[in-house]
Amino acid sequence: MNLFGKPLDYGVRKRKVGYLEVSLSITQKDGYEIEIEIENTTEDSKFIGDLKIGDFEPSEKILMNNYQSWGPCTFVKPSEIIKSMHELSDNFAASPVPWEFKDGLISDYFIADDKTFAGFLSSKVTHPYFKWHDGMVDVKIYVGKHLKPHEKIKVETLWVKDFSKLEETLELYAKKVANSNTIKKFRPLFGWESWYSYYLNISQDSIIGELDRTSEIGMKYEVFQIDDGYEKDIGDWLETNEKFPEGLEFLSKKIKKSNMMAGIWTAPFSISETSSIFKYHKDFLVKDENGIPIVAYENWNKKIYALDTSNPDALFWLGEIFSTLKGYGYEFFKIDFLFAGMIPGKRFLDVTPVEAYRMGMKKIADTVGNTHVLGCGAPLLPSIGYVDSMRIGCDTAPEWRGELDMGVSSAKFSIRNALTRNFMNAWWVNDPDCVMVRSSDTNLTNSERMINIYIPALLNGQFLESDFLGKLSDDDLHLLRGAFNFRNGISKVILLDKERYAVVTKKSINGDIISFVNLSDFEWKVEIENYRPFFDEKVDEFFVLYPSMKHAKNEIKIVPHAVAIIMHRGKRNLRRDDEKEDDGRDIHYYWGEEYDGTSTQSYNR
Amino acid sequence: MMELRHNPITDEWIIISSETQKRPVLPQKEACPLCPGVLEMKHDYDLTAFDNRYPALRLDPPEISKPDPAFENAPSYGKCEVIMFTSDHNSSLSRMPIGQIEKLVYVWEDRTRDLMKYEKIKYIFPFENRGKEVGASQIHPHGQLYAFPFIPKRIQSMIDAIGKYKGCAICDVIKAEEKTENIVYDGEHFIALVPYFARFPYEVHVYPRRHISFFTEMTPSEKFDLAVTLKVVTSKYDSLFDNEFPYMMEIFQSPVNPVMKNFHFHIEFNPPKRDKVNVKWMASVETGTWAFINPLTPSDAAKSLKNASYTI
């Protein structure tokens with residue numbers, strides 16, 4: 001990598017770039033860490049947009065990452081896809097700097113080629129990204145605010161490392177990012193949510209019906225979350241539509257009575273053109289240079305504008321929404337379409353889009369306090385510390401949809417991102433999106449359904465189910481219960497190529513597991529022994545294929561769109577502690593190697 | 001009163017134990033004496049085995065007085081243990097993770113190894129009574145183990161049958177049933193089937209394919225497969241009528257002190273239900289003559305169980 005035209009080496013470098021003096025302080029820490037400071041050297045206030053720090057010539061294939069939840073994290077050959085990127089050049093869901101797509105491909109926060117990894121450790125002030133164009137990668141940040149005369153700001157730290165194993169480097173990156181941010185304490189939850197059964201067609205009656213069925217099917221759901229469809233309009237979160245005559249508090253109390261956390265969906269930084277808040281508070285919106293509100297995106301057949309979270313009145317309004325919902329009894333907040341809060345534009349305060357976004361996120365997090373926040377459609381690095389869990393892929397779907405890898409709903413790419421972004425579990429609980437266990441009303445094959453259900457369980461992220469509970473067959477429910485026993489483990493994902501992954505899971509409820517995920521359209525022959533470096537040998541070792549429970553041979557054939565789940569077993573070593581009761585009776589305590597007091601908790605009520 | 005009394009008419013030993021009358025019956029979860037920290041276990045646990053607070057047999061039995069010369073009695077020597085499958089009150093074999101059942105198999109093995117060291121113990125019998133229909137006094141998943149100082153009557157009849165049979169009856173039953181539709185689960189090392197001669201409706205036998213006599217002879221792979229088989233069978237039971245299916249699960253190992261080498265280890269599930277609501281009672285014919293009337297054709301029971309869904 002070259003920084004200001006010179007190869008990477010430790011030391012301090014300064015360079016004049018237009019109005020700015022950019023200082024780089026480079027130290028060697030498991031590679032190189034580059035602290036970046038920029039100063040407006042003029043006597044005038046200057047707006048700072050994007051800034052190039054350095055560049056490098058990558059190999060043909062790169063690992064690229066999109067900035068927000070839904071976007072892809074995958075291996076690509078940029079030269080092959082660059083033409084299709086052009087159409088993203090006005091899409092804020094694709095990038096906070098979408099104009100860069102006009103002549104390039106963006107990888108946000110980090111990038112890797114065959115031998116070099118480069119990643120920024122935070123996004124608290126600026127938006128850091130890498131732009132591939134013409135066979136080169138530019139290392140850039142987008143600031144998006146004015147600097148006062150001689151104002152100096154420290155921006156995001158860049159980490160660069162040559163690697164031999166990408167997976168280890170991603171883990172190290174995750175640790176470094178975690179150390180550079182304040183992480184919330186979190187744990188994965190098991191729940192039900194309404195989206196993939198009802199979509200927008202929920203009603204008070206249907207929600208109550210599903211609530212009743214949660215106890216009938218005997219699963220121990222921790223969360224019951226109402227998704228999009230209850231609100232009067234996007235932005236008017238506390239007003240319900242005619243399908244919810246008794247309002248949100250009525251439902252939260254019902255859910256709590258069923259011993260679950262009540263969950264509610266909102267898109268708090270989004271305001272539709274038809275909402276009351278749009279009508280009465282245009283001052284709450286992010287605007288362009290001419291003072292015209294900027295359309296952040298279009299959805300629900302409406303133009304959606306962005307909340308200016310630097311505006312104290314807008315922030316107060318935002319706080320009131322969440323304190324009211326919390327007051328109603330909601331304890332699980334899925335906050336969606338968050339990227340709207342980070343679009344570039346003119347705001348009440350002269351802050352960067354990232355700073356504004358974090359003001360909004362802080363307001364929500366502070367207001368809901370010790371409850372659970374699930375981020376979605378969210379810029380990744382700026383959200384760290386404000387969410388307990390985070391969607392890390394596109395919407396899933398009851399069909400495979402393996403063609404368009406652009407953040408649109410797809411069972412394939414939802415799971416692909418769950419695999420490639422597994423390392424982000426260090427920042428929050430990864431939410432790979434809902435599992436659908438239903439065998440009817442789905443176009444997924446049985447093997448695709450196994451991937452959709454079992455990979456989220458194995459990766460031990462959020463586990464939210466979304467089916468019509470009354471329509472689940474006995475076999476569907478058994479599949480869900482079976483998957484439940486693959487949770488609680490620690491998984492490492494081996495990135496073999498863009499469509500084939502190995503997952504090595506230790507200490508799941510069902511013990512150590514090795515899984516091979518074939519997302520491709522071709523059969524894959526796997527030799528288990530080739531993956532020996534990733535798992536330890538066991539005494540009297542044997543491998544069992546799940547769910548056939550037949551012994552696995554060394555070579556396994558995996559059909560397209562399928563997962564091979566292999567239980568790695570051996571002799572058990574139970575610890576035994578002998579005690580005497582006061583009345584002289586013997587009591588022998590037996591402990592499995594993995595026992596932690598929670599791993600045997602069953603899924604049933 | 002605790003003592004063993006011999007019935008000279010049938011040549012069988014009866015265990016007299018008024019202690020067992022004192023045991024608590026089906027308490028609510030809040031008061032479950034088997035949950036961690038409530039009564040039996042002072043702290044958290046994974047699995048445990050402990051001496052029954054209300055034993056029918058004990059290693060230090062009370063002294064007995066000599067009866068009329070017409071009768072024979074003996075001290076209630078032996079051991080009655082409670083085996084906790086999990087600390088999770090709401091679980092069951094059908095719902096426990098396979099790994100937890102696998103650990104239970106190791107516990108059964110350890111208890112067998114431990115108790116066979118007592119020379120006066122002749123038969124070690126782990127079992128589970130599930131459901132109030134078979135007299136389970138607690139719903140928290142647990143089983144029991146009786147270590148007898150004598151060979152119980154039905155075990156003796158198995159031994160006698162082994163003596164009369166050329167070869168191994170269970171090995172032959174496996175070969176014969178493998179050709180039928182009576183297989184409920186066809187595991188790697190174990191097979192679960194409704195036997196041709198089932199006594200109870202929905203009776204299932206679990207046999208190791210290898211001719212082994214004890215838990216202690218099982219390989220880790222066999223123990224794992226036994227755990228899988230037990231989960232499949234009990235999960236299918238629960239699916240059968242969509243409720244918690246009551247059963248008696250009896251584990252038959254070889255007698256000990258001395259060990260009988262040609263005994264084929266097996267497990268019997270004897271469920272009392274004949275359909276969703278009705279129970280087949282051990283009535284006069286069964287109790288008085290030991291002749292069983294099975295109201296359900298075994299092959300029909302096998303078909304239902306084969307089709308029942310299950311969690312694994």
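In this predicted model, 44% of the 312 residues of chain B count as buried. Chain B is built from six helices and twelve strands. Its radius of gyration is 19 Å, close to the 20 Å that the globule rule gives for 312 residues, so chain B is as compact as a globular protein of that length. Along the principal axes, the C-alpha atoms of chain B fill a box of roughly 55 × 50 × 40 Å. If you look at contacts in chain B with a separation of 6 or more, 70% of them link residues 24 or more positions apart.

In soluble globular proteins, nonpolar side chains tend to be buried together. Here the largest nonpolar core has 253 residues, and the ones that touch the most other members are A:Tyr454, A:Val563, B:Ala192, B:Val204 and B:Val233. Helix 4 of chain B supplies the largest share of this core, nine residues. On the chain A side, domain 1 (2-180) and domain 2 (190-269 + 312-487) both give residues to the core, so it lies between them. Leaving out residues up to four places away in sequence, B:Val233 touches B:Val184, B:Tyr185, B:Ala192, B:Val204, B:Val206 and B:Phe269.

Where do the two chains meet? The contact takes 36 residues from chain B and 37 residues from chain A. On the side of chain B that touches chain A, strand 3 (47-51), helix 1 (98-115) and helix 4 (220-240) of chain B each give two or more residues. Helix 1 of chain B gives the most, with eight residues. By class, that side of chain B has 14 nonpolar, 13 polar and nine charged residues.

| Strand pair | Bridges | Sense |
|---|---|---|
| Strand 38 (586-591) of chain A and strand 3 of chain B | four | antiparallel |
| Strand 16 (190-193) and strand 17 of chain A | three | parallel |
| Strand 17 and strand 20 (261-266) of chain A | four | parallel |

As for strand 17 of chain A, A:Val223 has A:Gly191 opposite it, while A:Ile226 stands opposite A:Ile264 in strand 20.

In a regular strand the side chains alternate between the two faces of the sheet. In strand 17 (residues 223-226) of chain A, A:Val223 and A:Gln225 point one way and A:Phe224 and A:Ile226 the other way, and all are buried.

Technical notes. Residues numbered from 1 in each chain as written. Chains lettered and ligands numbered in written order. Predicted model: local features only at pLDDT ≥ 70, side-chain atom pairs only at ≥ 80, totals over all residues. Contact = placed C-beta atoms within 7 Å. Nonpolar A, V, L, I, M, F, W, Y, C, P; charged D, E, K, R; others polar. Pairing = 2+ DSSP bridges. Rg over C-alpha atoms; globule rule 2.2 N^0.38 Å. Buried ≥ 20, exposed ≤ 12 C-beta atoms within 10 Å, placed from the backbone. Core = buried A, V, L, I, M, F, W, Y, C linked by C-beta atoms within 7 Å. Domains from an automatic or database assignment.
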